[in-house]
Amino acid sequence: MFQLETPLLELIARGAFLFVLFMVLFRLLPRRTGGELAPMDLVFLLLITEAASHALGDYSSLADGTVQIVTMLALNYLTNRLSFSFRWFERLIEHGPLQVVKDGQTIPRNMRKELLTPEELISHLRLNGIDQISQVRSAYVESDGRLSVVRMNPS
């Protein structure tokens, strides 16, 4: 039950491969795909859950699941550390903010890029207490999928 059934390096390689694969896939998807979790957090959550479920049932050895969980914890820590220390690494793994409204006008190309419909945009604006796009100086889809809004200055 507590002995490895799979070679240690294979377990580490599997965990690392899945971590990197999901990071790449979530980087390719629109920002709003993960809801309000940062892509790195969503990947980490999915993979830890998967590894834990194997440790609870699919493996007859808890050690196999534990090795994969520790591998993913280490990769998550390393990714966070590198993102904190190196701006270029953060840009590599995280989406930057994308402007979808400028001076009361939508930016259709960026809205298409994020698969954001005008109705969804208006809905998000209402959640920010704004009735009309013309009241918005700028709006951005942030890296975690949320919409940040800056109102026009009242004149």
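The questions and answers below concern a predicted model of one protein chain.

Residues are numbered from 1 along each chain as its sequence is written. In this predicted model, local features need pLDDT of at least 70 and side-chain atom pairs count only at pLDDT 80 or more, while totals for chains, interfaces and linings use all residues, and side-chain values use heavy atoms, with hydrogens and water left out.

Reader: Which residue in S4 is the bridge partner of Ser138?
Author: Strand S3 (residues 136–141) runs antiparallel to S4, and five bridges join them. Ser138 has its bridge partner in S4, and that partner is Val150.

Reader: Which residue in the turn of the hairpin formed by S3 and S4 has a positive phi?
Author: The hairpin has five residues between S3 and S4, and the loop there includes Ser143. Ser143 has a relative accessible area of 23% and is therefore partly exposed, the classes being buried under 20%, exposed over 50% and partly exposed in between, with a 1.4 Å probe and protein chains only. Ser143 also lies 6.4 Å from Glu94, C-alpha to C-alpha, although the two are 49 residues apart in sequence. The residue with a positive phi, of about 95°, is Gly145.

Reader: How many salt bridges does the count come to, and which side chains meet in them?
Author: A salt bridge is a side-chain nitrogen of Lys or Arg within 4 Å of a carboxyl oxygen of Asp or Glu. Arg14 and Glu10 meet in one at 2.5 Å, N to O, both lying in helix H1, four residues apart, whereas Arg87 and Glu90 meet at 2.8 Å, N to O, and sit three residues apart in helix H4 (residues 87–93), so about one helical turn separates them. Arg87 is exposed at 52% relative accessibility, while Glu90 at 30% is partly exposed. The count comes to two.

Reader: How much accessible area do the residues of the nonpolar patch have together?
Author: Patches are made of residues with over 30% relative accessible area and no salt bridge, like charges being joined within 9 Å and nonpolar side chains (Val, Leu, Ile, Met, Phe, Trp, Tyr) within 5 Å. One of the members is Leu18, which is found in helix H1 (residues 8–28) and is partly exposed at 31% relative accessibility. Phe17, Leu18, Val20, Leu21, Val24, Leu25 and Leu28 form the patch. By the Shrake-Rupley method with a 1.4 Å probe, only the protein chains shown counting as cover for residues, their area together is about 640 Å².

Technical notes:
Helices (H or I, at least four residues) and strands (E, at least two) are DSSP runs, numbered from the N terminus. Two strands pair if DSSP finds at least two bridges between them.
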